[in-house]
Amino acid sequence: MDYDLAANYWIEKDKASVHMEPEALTERIYEFINAHNTCALATGCDSFVRCTPIEYSYMDGVFYMLSEGGLKFKALKENKNVSFAIYEPYGGFGQLKSLQVMGKAALVEPFCDEYIKILAHKKIPVEAMKKLPQPMNLIKIIPESYDYLDSDLKRDGFNSRQHRELV
């Protein structure tokens with residue numbers, strides 16, 4: 001098995017792809033993000049990997065995820081690089097829609113201004129959160145790149161997979 005050849009498949013294919021204008025692609029990506037609220041978050045360190053289904057909020061170009069805890073934090077302690085996928089149920093090759101995001105994660109200090117802003121966005125009363133035995137953890141993910149897959153893009157003359165670097 002040639003792992004390098006397989007790993008470079010989309011990189012090579014992308015060289016000859018018909019790309020959308022960055023602003024139009026970004027708009028499509030944001031529409032997709034805002035039409036959903038759940039992703040599969042992948043974290044890992046050393047030989048440990050974890051993939052967690054989790055709800056997200058998207059504000060000001062940043063993803064936020066509230067979590068009571070779990071093994072994802074074992075990986076986040078050592079490795080701030082994360083990836084997650086947002087996707088539509090599979091309906092066949094002509095109906096593919098998904099977004100893969102790579103970025104950096106950080107934890108937001110409970111009850112700081114940013115934490116309270118996200119609670120307000122999610123309509124979670126601060127006082128209710130303060131009554132918990134421990135406040136929920138708020139993961140903040142700053143995206144670095146997007147890989148958007150949308151079969152409908154072919155109708156507009158573009159390749160169905162589009163890549164967007166943010167940094």
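Predicted model: local features only at pLDDT ≥ 70, side-chain atom pairs only at ≥ 80, totals over all residues.
**Exercise 1.** In what order do the elements of the chain run from the N terminus on?

*Solution.* The tally gives six helices and eight strands. Read from the N terminus, these elements follow one another as α-α-α-β-β-β-β-α-β-β-α-α-β-β.

**Exercise 2.** Find which strands pair with strand 7, and name a residue pair for each pairing.

*Solution.* Begin with strand 4, residues 62-67, which runs antiparallel to strand 7, residues 137-150, and is joined to it by five bridges; here methionine 65 has isoleucine 139 of strand 7 as its bridge partner. Continue with strand 6, residues 97-108, whose antiparallel pairing with strand 7 extends over twelve bridges, and in which alanine 106 is partnered by lysine 140 of strand 7. Finish with strand 8, residues 161-165, which is likewise antiparallel to strand 7 and linked to it by five bridges, with tyrosine 148 standing opposite glutamine 162 of strand 8.

**Exercise 3.** Describe the extent, burial, contacts and surface of the chain as a whole.

*Solution.* Take the extent from the C-alpha trace, which spans about 55 × 35 × 30 Å along its principal axes. For burial, apply the cut-off of under 20% relative accessible area, by which 37% of the 167 residues count as buried. Next, consider contacts between residues at least 6 apart in sequence, of which 62% join residues at least 24 apart. Lastly, the exposed surface comes to about 10,300 Å², with carbon and sulfur atoms supplying 54% of it.

Key:
Residues numbered from 1 in each chain as written. Heavy atoms only, no water. Helix = DSSP H or I, 4+ residues; strand = E, 2+ residues; numbered from the N terminus. Buried < 20%, exposed > 50% of the residue type's maximum accessible area, 1.4 Å probe, protein only. Contact = heavy atoms within 4.5 Å. Areas by Shrake-Rupley, 256 points an atom, 1.4 Å probe, with all protein chains shown as cover. Pairing = 2+ DSSP bridges.
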